[in-house]
Amino acid sequence: MGKRTKKVGITGKYGTRYGSTLRKLLRKIEVSQHSTYRCAFCGKDSIKRTCAGIWNCKSCRKVIAGGAYTLSTASAVTVRSTIGRLRKMQAENP
């Protein structure tokens, strides 16, 4: 079967509606939410989005809370690094 869309990808279902800029933004979101992610517990690429913010690993059956469209958000990464830094500082100064 031939390739149906060359440029628009998954947002071809919207046709010419909503404007090209919004469709490009939506394409980025939809591609990230439908892709599979690597599981931190079993190491396989088997985490899929169940619903908004709920991610499920089909291999080890773990359920993970994450972002609405991606498994890990930018603010979550910042918080994780800050907590690690504060724990390290606390361990150095008893």
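**Strand 3 and its neighbours in the sheet**

In the hairpin formed by strand 2 and strand 3, where 2 residues lie between the strands, Gly-53 adopts a positive phi near 85°. Strands here are DSSP runs (E, at least two residues), numbered from the N terminus, and two of them are taken to pair if DSSP finds at least two bridges between them. The model is a predicted one, in which local features need pLDDT of at least 70 and side-chain atom pairs count only at pLDDT 80 or more, whereas totals for chains, interfaces and linings use all residues. Residues are numbered from 1 along each chain as its sequence is written, and side-chain values use heavy atoms, with hydrogens and water left out.

Strand 2 (residues 45-51) pairs with strand 3 in the antiparallel sense over 4 bridges, and Lys-48 is placed opposite Asn-56 of strand 3. Strand 3 is also joined to strand 4 (residues 63-65) by 3 bridges, again in an antiparallel arrangement, with Ile-64 of strand 4 as the bridge partner of Trp-55.

Taken together, 4 strands form an open sheet in the order 1-2-3-4 with antiparallel pairing. Strand 1 (37-38) and strand 4 stand at the edges with a single partner strand each, so one side of each is left without a neighbour in the sheet.
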